[in-house]
Amino acid sequence: MFRNLILYFSLLTVFFTYGQDIPENPNLIIGKKSPNIVFTDTAGINYTLHSTQSVYTVLILYSSDCDHCMIELPKIYEAYSKARKRKYEVVALNTHHPYYEVEPTKALLKKHKFSWINGIPVEFQTERDYFLYATPSIFVLDKDKNIISKRMFNAADLQATLKQLKIIK
């Protein structure tokens, strides 16, 4: 709840400062390599976003205390689990604070049984690198981890983008 209020006021500050012209983060340009993220899974093993092996990677940055995220993640997972001959992998990272606790992620996985790659960022710079002002924030990356689509906030937009890019039918 408290984090949602902070995000809400942060978003209001950005909106009233810049209007609808939110500045572009130079790290998040279509065609440019995405910032790498070091993350740990719920067993404590470290991985990196750029080491993910797949033709396409869907990166989801969410918060386990975000009501909208808890609505959208199961929808995204349903489509992911139904996709036959999948050409993409999902990396879903819980950016819930404080200090990227593992317990909220474990509770979420116990409830929903998401079988995609799940983790918690190791460094706090993820929010800055990905200009994370709303969750879930969804990005589509190619095999070299270049950004090919960004700033989606729900399952319907992700599905439409994956169809447009011919990643799914």
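**Close-up 1. The salt bridge between Arg-128 and Asp-129 in the predicted model.** Arg-128 pairs with Asp-129 in a salt bridge in which the closest N and O atoms lie 4.0 Å apart.

**Close-up 2. The salt bridge between Lys-82 and Glu-78 within helix H2.** The side chains of Lys-82 and Glu-78 meet in a salt bridge with an N to O distance of 3.0 Å. Both residues belong to helix H2, which comprises residues 67-82, and they are four residues apart, a spacing of about one turn of the helix. Lys-82 has a relative accessibility of 57% and therefore counts as exposed, while Glu-78, at 43%, counts as partly exposed.

**Close-up 3. The salt bridge between Asp-144 and Lys-143.** Here the side chains of Asp-144 and Lys-143 come together in a salt bridge, with 3.8 Å from N to O. Lys-143 is exposed at 57% relative accessibility, and Asp-144, with a relative accessibility of 40%, is partly exposed.

**Context for the close-up views.** The structure holds four salt bridges, among them the pair formed by Arg-128 and Asp-129. Side chains of opposite charge can pair when their charged atoms come close.

Note on methods. Residues are numbered from 1 along each chain as its sequence is written. This is a predicted model: local features need pLDDT of at least 70, side-chain atom pairs count only at pLDDT 80 or more; totals for chains, interfaces and linings use all residues. Side-chain values use heavy atoms; hydrogens and water are left out. Helices (H or I, at least four residues) and strands (E, at least two) are DSSP runs, numbered from the N terminus. Buried means under 20% relative accessible area, exposed over 50%, partly exposed in between (1.4 Å probe, protein chains only).
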